[in-house]
Amino acid sequence: MDMKKRVSLELRHRSPTEVTELVLDNCRSGEGKIEGITEEFSNLELLSLINVGLTSVADVPKLDKLKKLELSDNRISGGLEVLAERLVSLTHLNLSGNKFKDISTLEPLKKLPQLKSLDLFNCEVTNLADYRESIFKLLPQLIYLDGYDIDDCEASDSDGEGDGVEDEEEGESEDFEEEEEEDEEDVVAEEDDDGRQR
């Protein structure tokens with residue numbers, strides 16, 4: 001199914017301004033470009049275009065409220081300047097499985113001040129020496145790269161951190177319960193031995 005047709009199906013008789021999430025994964029883009037998505041989708045917060053054959057993001061419209069853009073498994077190799085110009089509120093960008101080879105092609109993302117999470121799994125750029133260090137240096141606003149922060153701590157679903165105190169207390173009580181069970185087993189074993197001897 002082509003992208004324009006899929007967009008009209010996803011609308012389900014709503015006007016574009018009512019749509020906050022648009023998932024168009026696995027449809028077909030004409031000539032590797034974004035089609036059927038216009039500035040009328042002014043309240044869009046999530047746009048997913050996974051595996052649609054994109055080679056360019058040049059036709060992405062201005063979407064001031066868009067926070068999350070999924071572009072994995074396409075054939076994009078550059079031209080990210082347009083994202084910085086038109087998607088000013090972007091916080092999460094997934095470019096996994098695309099054709100990015102050089103750090104320099106990602107430089108336009110510096111102009112996305114709210115970008116917190118960037119995924120580049122299965123892109124050639126990840127094979128470069130000092131890849132992680134270079135990206136965090138290039139994009140100081142970034143918190144997570146490929147799901148991990150600068151200290152290699154994994155991103156949680158809510159991007160928040162727990163204080164860990166409760167976990168420790170729970171762990172101690174579990175150990176204590178296990179010890180009690182072991183003691184009970186020993187007592188049962190002793191009774192069995194006594195029973196056999198008589």
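This is a predicted model: local features need pLDDT of at least 70, side-chain atom pairs count only at pLDDT 80 or more; totals for chains, interfaces and linings use all residues.
Trainee: What makes strand E4 and strand E5 a pair?

Mentor: Pairing requires at least two bridges, and three bridges join E4 (residues 92–94) to E5 (residues 117–119), so the two strands, which run parallel, meet the requirement. Leu-93 stands opposite Leu-118 in E5.

Trainee: Which residues of helix H1 are buried, and how do you know that they are on the same side of H1?

Mentor: Within H1 (residues 3–11), the buried residues are Met-3, Arg-6, Val-7, Glu-10 and Leu-11, each having under 20% relative accessible area. Because these residues cover an arc of only 140° around the axis, they are placed on the same side of H1. Among the elements that cover them is E1.

Trainee: What caps the N-terminal end of H1?

Mentor: Asp-2 does, with a side-chain oxygen 3.2 Å from the backbone nitrogen of Lys-4; the cut-off for a polar contact is 3.5 Å, so this distance lies within it. Just after H1, Arg-12 takes a positive phi of about 45°.

Trainee: What does the UniProt annotation say about residues 128–146?

Mentor: The unreviewed entry annotates them as "domain: U2A'/phosphoprotein 32 family A C-terminal". Over those residues the chain is 42% helix and 11% strand, with the end C-alpha atoms 15 Å apart.

Technical notes:
Residues are numbered from 1 along each chain as its sequence is written. Side-chain values use heavy atoms; hydrogens and water are left out. Helices (H or I, at least four residues) and strands (E, at least two) are DSSP runs, numbered from the N terminus. UniProt positions are given in the numbering used here, feature names are shortened, and annotations may be inferred rather than shown by experiment. Buried means under 20% relative accessible area, exposed over 50%, partly exposed in between (1.4 Å probe, protein chains only). The arc is that of the directions from the helix axis to the C-beta atoms. Contact means heavy atoms within 4.5 Å. A polar contact is a pair of N or O atoms within 3.5 Å; within protein, one must be able to donate a hydrogen and the other to accept it, and residues adjacent in sequence count only if both atoms are side-chain atoms.
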